[in-house]
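Subject: Handover of a structure, with findings

Dear colleague,

Please find the structure below, followed by an account of what was found in it.

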Amino acid sequence: MFSKLFPKRLPSTWRLGLLLTVLITCSTGLCITVAGWAMRRNLSSIARAVVLDDLGEYAVLYNRNGLREITEVFAAGGHEESQAVRITSAEGRAIFEQVPEAVGGYDWPDHAPVKMKPSETMLVTIQHSTRDQHLLAGCQVLDDGNVLWFGRTDAEDIAYVDHIRSQLWLAGLASTAFMLLPLWWFVRHVLNPVNELMNSARTLAQGRTDERLIAPHAVPELQAFAAAFNAGLDRIDALTSELQSANDNLAHELRTPLARIRGNLEIFHDHSENAQARDAAARGMEEIDRAADLVQTILTTRAGEHQALKLHLEPCDLRELLAQLHDLYQAAADERGLRFDLEAPFPQPALIDRQRINQAIANLLDNAFAYTPGRGRVTLALERRGGQIRILVKDDGPGLSDSDFQAVWRRYTRGSAATANTPGMGLGLSLVRALIHAHGGQTGCRNREEGGAEFWIDLPVGEAKSR
Amino acid sequence: MLFSTMHLLLVEDDSELARQTGLWLREAGHSCAWREKGGAALVALGTENFDAVILDVGLPDMDGFTVVEQMRVRGFTLPVLFLTARDNVTDRVRGLKAGGDDYVTKPFAVEELMARLEALQRRAIGGVQPAVNRHLGRWTLDPVKRRLHADGETVELSPREWTLLEVLWANEGRTLTKKFLLEKVWDIQFDPGTNVVDAMICRLRRKIDAPGGPSHLQTVRGKGYVLQAVS
């Protein structure tokens with residue numbers, strides 16, 4: 001319910017903090033309002049009692065000994081500064097006035113508001129002429145027909161209530177601070193661990209399997225979650241290293257016999273004088289080299305697809321890497337009559353396995369060269385896209401059919417434009433994808449509006465770490 | 001040529017590969033002793049003097065990396081060339097860190113093995129080729145300006161063409177595989193597909209050969225390319 005009140009990207013810490021502050025402020029305000037109202041009510045009834053009481057006392061004194069007694073009382077001192085006494089004649093002329101400065105500024109009435117009998121009392125409230133203060137005044141008709149006024153200002157009461165109110169606000173602030181303690185706990189033991197777990201999970205998503213979820217300060221539930229998650233990762237890790245060693249063994253089992261056959265063919269080739277026999281041996285050696293490359297490609301793809309590829313990460317400049325590849329393919333492009341351009345306008349440092357990335361781009365170039373007709377154009381480009389780097393290979397070939405877009409990245413799948421003469425077994429792009437996924441990157445392709453296809457590699461820059 | 005014959009220690013558990021390699025080494029004029037296990041190889045090193053070791057990574061008793069580490073701990077400084085079925089940079093780096101000097105992946109061509117062995121020997125004895133007065137047929141090579149001169153004619157080579165020529169030149173008369181050239185000239189350890197090496201060799205050939213005449217740079221089917229000066 002409350003979450004709708006906050007902007008979407010506001011972190012939970014701030015949401016919770018704001019919510020708590022608003023709630024505490026509202027409840028403190030409410031307490032103070034109610035308490036203030038009750039105090040004012042209390043104080044005003046006390047004030048009425050005081051006024052009536054003192055009015056009665058002064059009336060008794062006057063009725064007993066006349067004005068002299070009242071004068072003596074005031075001469076003796078000790079009169080409160082917030083109280084005033086007046087005696088007026090029946091015509092409204094002031095006979096006696098004892099009005100301290102604090103009680104000044106009130107416009108006393110000359111007569112009682114209604115016709116009163118002797119010893120009858122009445123209360124009136126008089127507004128201060130300039131300030132937001134009131135004088136509660138009581139009047140009583142004395143035995144000789146004069147009128148006794150006794151007034152008391154509420155200035156002190158207001159000051160008292162204001163004082164109490166400020167104390168209550170202070171208490172509210174202090175309690176707000178205390179209420180933030182649970183917030184601190186929540187941040188330290190729930191929110192921060194959740195963020196740490198999220199960061200670890202992000203690293204895992206980039207293909208690092210040695211990372212584990214760690215949350216030492218987390219609540220037990222989160223720790224249990226991390227432990228369960230880590231157990232799963234341990235299992236994946238075990239499977240990965242099993243796959244790695246299986247790959248190594250398989251490579252050994254397949255490459256060693258190929259090496260034996262190749263060795264014998266080479267001996268045969270070098271010792272035979274018969275041209276046909278030499279040619280046959282040469283063809284055999286070519287086939288063996290192809291088979292060895294194929295074994296390596298399949299094993300690398302398999303390892304890459306299962307996050308079991310050992311990467312040798314090193315810092316290098318992608319522009320330089322592309323320039324070297326451009327240089328490597330230039331002669332072949334010239335031979336085919338292709339225009340081969342390099343568009344890498346900026347240096348781009350990256351932490352990558354240079355050979356693997358080279359191999360991925362070389363495969364894309366190999367594809368582009370195979371499918372682009374003579375006088376066509378192939379472009380190798382480097383672009384920046386947000387936090388990612390995109391390496392593009394654009395060609396002038398026949399492009400991709402609708403069914404190609406996903407299929408071409410699968411193993412043993414060849415694009416619809418492939419002919420019997422197009423080299424390859426449909427492993428190149430699956431190898432590219434596996435190599436790039438191992439780097440935490442992505443691959444993609446599309447048809448260009450101006451014709452031809454565009455393949456790209458997106459690499460996160462500098463985030464992957466050495467495995 | 002600068003190279004003398006070498007006495008080599010071959011450590012390989014596959015007897016057929018060992019037999020072939022031994023044959024090649026002897027044909028090239030070298031002598032060799034063969035051991036099947038790492039432990040036996042370490043013992044042999046203590047009893048005989050070798051010029052270099054050819055060492056398989058996958059041995060039955062310990063892997064080749066460990067053998068090299070033990071060798072280096074025991075004070076043997078002779079060059080080591082790894083033979084391996086594992087083709088990845090991580091293993092390559094591990095092998096070199098362990099104290100190995102170079103690396104050949106199976107299946108390999110005999111000429112590649114020889115080229116690498118001789119490069120190791122050259123490095124071990126500190127031999128350098130004279131930089132002046134190099135000739136290729138009618139051409140005089142100018143390594144400083146990276147160009148060729150003959151009878152007032154000058155041919156400029158691109159840096160990469162020059163490197164290619166130098167690698168071929170250093171192994172004159174030896175057929176070098178595409179794989180070896182890719183590694184030495186472009187530092188690439190995989191097959192880049194498209195006939196990039198072939199195209200580059202053709203370009204170099206057009207620059208150094210006389211039109212219509214015999215070529216200095218031959219392609220040997222199934223094996224690779226060989227530089228052989230023709231007059």
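Helices (H or I, at least four residues) and strands (E, at least two) are DSSP runs, numbered from the N terminus. By that convention, helix H7 of chain B spans residues 178-186, and the residue that follows H7(B), B:Asp187, has a positive phi, near 55°.

This is a predicted model, in which local features need pLDDT of at least 70 and side-chain atom pairs count only at pLDDT 80 or more, while totals for chains, interfaces and linings use all residues. Residues are numbered from 1 along each chain as its sequence is written, and chains are lettered from A and ligands numbered from 1 in the order in which they are written.

The two chains

Chain A contains 9 helices and 12 strands; chain B contains 8 helices and 11 strands. A residue is called buried if 20 or more other C-beta atoms lie within 10 Å of its own, exposed if 12 or fewer, and partly exposed in between, with C-beta atoms placed from the backbone. Of the 467 residues in chain A, 28% are buried; for the 231 residues of chain B the figure is 43%.

Helix H7 of chain B

The buried residues of H7(B) are B:Lys179, B:Phe180, B:Leu181, B:Lys184, B:Val185 and B:Trp186. Contact here means that the C-beta atoms of two residues, placed from the backbone, lie within 7 Å. Among the elements that cover these buried residues are helix H6 (318-336) of chain A and, from chain B, helix H5 (110-124) and strand E11 (224-227).

Packing within chain A

H6(A) also packs against helix H7 (residues 354-371) of chain A: the axes come within 11 Å and cross at roughly 25°. Axes are lines fitted to C-alpha atoms, for helices over the stretch in contact, and angles run from 0 to 180 degrees between N-to-C directions. The angle therefore makes H6(A) roughly parallel to H7(A), a term for angles under 35 degrees. Residues of H6(A) in this contact include A:Leu321, A:Leu325 and A:Tyr329, and those of H7(A) include A:Ile357, A:Ile361 and A:Leu365. By class, the contact has 9 nonpolar, 1 polar and 2 charged residues; Ala, Val, Leu, Ile, Met, Phe, Trp, Tyr, Cys and Pro count as nonpolar, Asp, Glu, Lys and Arg as charged, and the others, Gly among them, as polar.

A nonpolar core is a set of buried Ala, Val, Leu, Ile, Met, Phe, Trp, Tyr and Cys residues joined through C-beta atoms within 7 Å. The largest such core has 79 residues, and A:Leu325, A:Tyr329, A:Ala360, A:Ile361, A:Leu364 and A:Leu365 touch the most other members. H7(A) gives the largest share of this core, 10 residues. A second, separate core of 34 residues includes B:Ala52, B:Val53, B:Val68 and B:Leu83.

Where the chains meet

In total, 36 residues of chain B are in contact with 42 residues of chain A. On the side of chain B that touches chain A, the largest share, 5 residues, comes from H8(B). That side has 17 nonpolar, 9 polar and 10 charged residues.

One packing between the chains joins helix H4 (residues 220-271) of chain A and H1(B), at an angle of about 35° and with axes 9 Å apart. Residues in the contact include A:Ala259 and A:Gly263 of H4(A) and B:Leu17 and B:Gln20 of H1(B). The contact has 4 nonpolar, 4 polar and 2 charged residues.

Yours sincerely

How values were computed. Angles under 35 degrees count as roughly parallel, over 145 as roughly antiparallel, 65 to 115 as roughly perpendicular and the rest as oblique.
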